[in-house]
Amino acid sequence: GTTSWSLPVTLASGSNTIQTRSQDAAGNYSSVASVNVTYTPADTTLPTVAISAPTAGRSLTASALTVSGTAGDNISVALVQGQLNSGGWQPATGTTSWSIPVTLAVGSNTIQARSQDAAGNYSTVASVSVTYTPSDTTAPTVSISVPTASQSFTSSALTVSGTASDNVGVTSVQVQLNNGGWQA
């Protein structure tokens with residue numbers, strides 16, 4: 001067209017300048033009309049996330065743990081979140097390289113991570129399972145059943161007996177007479 005016109009164009013990603021001019025029958029050109037527009041393509045590519053530490057199946061003796069990993073996207077990673085067991089999603093520190101502190105529960109623990117890009121797309125959830133078995137800090141107990149306190153004997157031969165227990169397990173019992181050596 002001339003007095004009313006149109007022309008299809010294909011915009012490049014990012015900033016675009018569109019200019020137009022008209023020409024009359026005598027060959028005169030109009031001044032240039034210009035507009036700037038921005039084309040931001042829809043981001044349909046999902047970001048990625050991976051857990052680097054801890055490794056799956058690991059057995060730990062401390063409850064405090066820093067989970068770390070990496071995330072990526074074709075444009076940019078906006079945030080990374082972590083989840084322990086069925087708790088809520090918590091923000092991690094960092095994006096492409098990230099970390100988050102967690103406190104493990106006794107037994108099996110599932111650690112999950114996900115990332116989100118600037119377009120709001122979430123990654124597939126990465127997951128590892130670890131086991132937390134606390135160090136045994138509870139001392140065992142022992143008691144003497146035979147003989148009882150202040151009991152008198154006419155024979156020097158005596159069998160000492162009793163009970164012992166522990167939250168994890170008793171591995172040995174030792175007896176000492178007077179200040180002699182300990183006997184199993």
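Author: A charge sits over a ring if NZ of Lys or CZ of Arg is within 6 Å of the ring centre and within 35 degrees of the ring normal. Keep that cut-off in mind; the model here is a predicted one.

Reader: Which ring does the charged end of Arg21 sit over?

Author: The ring of Tyr29. The charged end of Arg21 is 3.9 Å from the centre of that ring. A second case involves Trp89: Arg114 lies over its face, 4.2 Å from the ring centre.

Reader: How many aromatic pairs does the structure hold?

Author: The count is 0.

Reader: Now the sheets. How do strands of a sheet pair?

Author: Strands pair through backbone hydrogen bonds, and the pairing is either parallel or antiparallel.

Reader: In what sense do β6 and β9 pair, and over how many bridges?

Author: Strand β6, residues 77–84, pairs with strand β9, residues 107–117, in the antiparallel sense over 7 bridges. To follow the pairing by eye, take single residues. Gly82 has Ala113 of β9 as its bridge partner, and Val80 stands opposite Ser115 in β9.

Reader: Where do side chains point in a regular strand?

Author: They alternate between the two faces of the sheet.

Reader: What is the order of the open sheet of 3 strands?

Author: The order is β3-β5-β8, and the pairing is antiparallel. The edge strands, β3 (48–53) and β8 (97–103), each pair on one side only. Neighbouring strands of this sheet are turned against each other by 30° on average, direction ignored.

Reader: How many bridges join β5 to β8?

Author: There are 7 bridges between strand β5, residues 64–72, and β8, and the two run antiparallel.

Reader: Next, the loops. Where is the peptide bond from Ala53 to Pro54, and is it cis or trans?

Author: Read the omega angle. The bond from Ala53 to Pro54 is cis, with omega near 5°. Pro54 belongs to the loop between β3 and β4. Another cis bond joins Val146 and Pro147, where omega is about 5°. Pro147 is in the loop between β11 and β12.

Reader: Is phi of Ser150 positive or negative?

Author: Positive: phi is near 65°, and Ser150 is a residue other than glycine. Ser150 also lies in the loop between β11 and β12.

Reader: Last, the pocket. How much space lies in the largest pocket, and how many residues line it?

Author: The largest pocket holds about 530 Å³ of space. Its lining has 20 residues, and those nearest the centre are Ile144, Val160, Gln174, Val175 and Gln176. The elements that give two or more residues to this lining are β11 (141–146) and β12 (161–165).

Reader: What is the make-up of that lining by class?

Author: In the lining of the largest pocket, 11 residues are nonpolar, 9 are polar and none is charged.

How values were computed
Residues are numbered from 1 along each chain as its sequence is written. This is a predicted model: local features need pLDDT of at least 70, side-chain atom pairs count only at pLDDT 80 or more; totals for chains, interfaces and linings use all residues. Side-chain values use heavy atoms; hydrogens and water are left out. On a 1 Å grid over the protein atoms alone, a cavity is a set of points where a 1.4 Å probe fits but cannot get out, and a pocket is an open set with protein on both sides within 12 Å along at least five of seven lines; lining residues have an atom within 4 Å of a point. Grid points are joined across faces, edges and corners, and a volume is the space filled by probe spheres set on the points. Helices (H or I, at least four residues) and strands (E, at least two) are DSSP runs, numbered from the N terminus. Ala, Val, Leu, Ile, Met, Phe, Trp, Tyr, Cys and Pro count as nonpolar, Asp, Glu, Lys and Arg as charged, and the others, Gly among them, as polar. Rings of Phe, Tyr and Trp (its six-membered ring) pair if their centres lie within 6.5 Å; planes under 30 degrees apart count as stacked, over 60 as edge-to-face and the rest as tilted. Two strands pair if DSSP finds at least two bridges between them. Axes are lines fitted to C-alpha atoms, for helices over the stretch in contact, and angles run from 0 to 180 degrees between N-to-C directions.
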